[in-house]
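Please open the model in a viewer and keep the selection tool at hand. The tour begins at the ligand and then turns to the pockets.

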Amino acid sequence: MPTLFEKIIAGELPANIVYRDSRVVAFLDIRPAAPVHILIVSHKVIPTTDDIADEDESLIGHMVIVARDLARQQGIAKSGYRLIINCNPDSGQDVYHLHLHLLGGRPLGPLVQRT
Ligand code: 5GP
């Protein structure tokens, strides 16, 4: 079964794509949690960060570089932003296809809700 994000990458589901190259696709989150909320998604299907292989090191670095450049393009590099990767149930991970959240455009508050 292809993941939801594989379908978006393949053009089988619509998305507002803001960047694409041979290794990643970036598109707007359907339920934005901040004025800027972009998902940087690897073409390679890696379910979670726990499934990242040593050979994926440059891909992971590339995802961060793309996030950096998108933050600059979105005008939030100086005001600030947060990069998040959720992993497995306690994190609230919903889509099991590696993706980096780029969030910004307002003060984002505490990193994690204190209970
Ligand atoms: P996760 O919880 O796995 O880290 O994040 C998954 C993200 O994917 C959520 O922020 C959610 O809003 C987003 N999302 C879920 N379904 C879709 C969709 O069909 N299109 C887009 N653009 N984003 C989606």
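Which of the 17 residues around the ligand come nearest? In this predicted model, they are D29, N86, D94, V95 and H101.

**Polar side chains at the ligand**

Select H101 next: one of its polar side-chain atoms lies 2.8 Å from an oxygen atom of the ligand. Then select N86, where an N or O atom of the side chain is 2.9 Å from a ligand oxygen atom. For H99, a side-chain N or O atom is likewise found 2.9 Å from an oxygen atom of the ligand. The ligand taken alone exposes 520 Å², of which the protein buries 85%.

**The shell around the ligand**

Colour the shell by residue class: 8 of its residues are nonpolar, 6 are polar and 3 are charged. Now switch to a cartoon view and select helix 1 (4–9), strand 2 (24–28), strand 3 (36–42) and strand 5 (99–104), each of which supplies at least two residues of this shell. Which element gives the most to the shell? Helix 1 does, with 3 residues.

**The largest pocket**

Display the pocket surfaces next. The ligand sits in the largest pocket, which holds about 870 Å³ of space. Its lining comprises 31 residues, and those closest to the pocket centre are D29, R31, H37, L39 and H101. Select helix 1 and strands 2, 3, 4 (81–84) and 5 to see elements that each supply at least two residues of the lining. By class, the lining of the largest pocket has 18 nonpolar, 8 polar and 5 charged residues.

**The second largest pocket**

Finally, move to the second largest pocket, with about 170 Å³ of space. Which residues line the second largest pocket? Select L83, I84, I85, N86, D90, S91, L111 and V112. Of the residues in this lining, 5 are nonpolar, 2 are polar and 1 is charged.

Terms used
Residues are numbered from 1 along each chain as its sequence is written. This is a predicted model: local features need pLDDT of at least 70, side-chain atom pairs count only at pLDDT 80 or more; totals for chains, interfaces and linings use all residues. Side-chain values use heavy atoms; hydrogens and water are left out. A residue is near a molecule or strand if one of its heavy atoms lies within 4 Å of it. A polar contact is a pair of N or O atoms within 3.5 Å; within protein, one must be able to donate a hydrogen and the other to accept it, and residues adjacent in sequence count only if both atoms are side-chain atoms. Accessible areas come from the Shrake-Rupley method with a 1.4 Å probe; for residues, only the protein chains shown count as cover. On a 1 Å grid over the protein atoms alone, a cavity is a set of points where a 1.4 Å probe fits but cannot get out, and a pocket is an open set with protein on both sides within 12 Å along at least five of seven lines; lining residues have an atom within 4 Å of a point. A molecule sits in a cavity or pocket if more than half of its atoms lie within 2 Å of its grid points. Helices (H or I, at least four residues) and strands (E, at least two) are DSSP runs, numbered from the N terminus. Ala, Val, Leu, Ile, Met, Phe, Trp, Tyr, Cys and Pro count as nonpolar, Asp, Glu, Lys and Arg as charged, and the others, Gly among them, as polar. Grid points are joined across faces, edges and corners, and a volume is the space filled by probe spheres set on the points.
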